[in-house]
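User: Hi! Could you walk me through this one while I have it open?
Analyst: Happy to, let's take a look together.

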Amino acid sequence: MKLYQQEIQLKNYPRGYHLITEIVENGIPEISQIQAGVLQVFIKHTSAGLTINENADPTVRRDFETFINELVPESYPRFIHTYEGSDDMPAHLKSSFLGNSLQIPITGGKLNLGIWQGIYLCEFRNHGGPRELVLTAFGI
């Protein structure tokens with residue numbers, strides 16, 4: 001069994017859904033040494049998330065943003081946790097809905113994603129700042 005772990009820092013992204021597949025792949029080149037295994041991607045934040053979805057049409061990412069903002073509006077009047085701004089509590093909820101980790105199969109030294117799949121950073125804050133990821137690859 002091989003095990004590799006790297007922490008990487010993403011640049012500051014604006015609010016929205018951003019394809020980071022290539023950044024993740026470049027962040028842990030040791031996956032090329034794994035024939036069959038798994039890459040776990042974990043984000044060390046409570047106001048951003050990760051998901052896998054279509055990597056071709058950018059309107060998919062805009063529709064994600066539109067839908068989740070309507071699902072969890074910043075104007076919800078009953079939020080109590082508002083100390084860091086109106087986008088803070090909604091960002092925490094959105095992060096919990098979408099999640100903070102992904103598991104992606106590794107096959108033949110490459111991520112085994114579908115042809116139209118990509119890894120998204122889901123930035124829910126207006127000014128979230130740089131985000132940290134823990135990348136853990138293991139397998140044979």
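User: How many bridges join strand 5 to strand 6, and which way do they run?
Analyst: Two bridges join strand 5 (residues 101-107) to strand 6, and the two run antiparallel. Strands here are DSSP runs of E with at least two residues, numbered from the N terminus, and two strands pair if DSSP finds at least two bridges between them. This is a predicted model, where local features need pLDDT of at least 70 and side-chain atom pairs count only at pLDDT 80 or more, while totals for chains, interfaces and linings use all residues. Residues are numbered from 1 along each chain as its sequence is written, and side-chain values use heavy atoms, with hydrogens and water left out.

User: What's the bridge partner of Thr107 in strand 6?
Analyst: Thr107 has Lys110 as its bridge partner there.

User: And what order do the strands of the open sheet have?
Analyst: The order is 1-8-3-5-6, five strands with antiparallel pairing. Strand 1 and strand 6 (110-111) are the edge strands, each pairing on one side only.

User: Switching to aromatics: how many pairs are there?
Analyst: Five aromatic pairs. Rings of Phe, Tyr and Trp (its six-membered ring) pair if their centres lie within 6.5 Å; planes under 30 degrees apart count as stacked, over 60 as edge-to-face and the rest as tilted.

User: Why is the pair of Tyr17 and Phe124 edge-to-face?
Analyst: Because their planes are at 75°, with the ring centres 6.1 Å apart. Tyr17 is in strand 2 (residues 16-19) and Phe124 in the loop between strand 7 (117-123) and strand 8 (131-139), so the pair ties together parts 107 residues apart in sequence.

User: Is Phe124 buried or exposed?
Analyst: Phe124 is buried, at 2% relative accessibility, and Tyr17 is buried too, at 6%. Buried means under 20% relative accessible area, exposed over 50%, and partly exposed in between (1.4 Å probe, protein chains only).

User: Which residues do ring pairs link into a cluster?
Analyst: Tyr17, Phe64, Tyr120 and Phe124.

User: Where is Gly128 found?
Analyst: Gly128 is in the loop between strand 7 and strand 8. Gly128 is partly exposed, with a relative accessible area of 22%. Its C-alpha atom is 10.0 Å from that of Asp87, 41 residues apart along the chain.

User: Last one: where does Met1 lie, and is Met1 buried or exposed?
Analyst: Met1 is in the segment before strand 1 (2-10), and Met1 counts as exposed at 77% relative accessibility.

Technical notes: Helix = DSSP H or I, 4+ residues; strand = E, 2+ residues; numbered from the N terminus.
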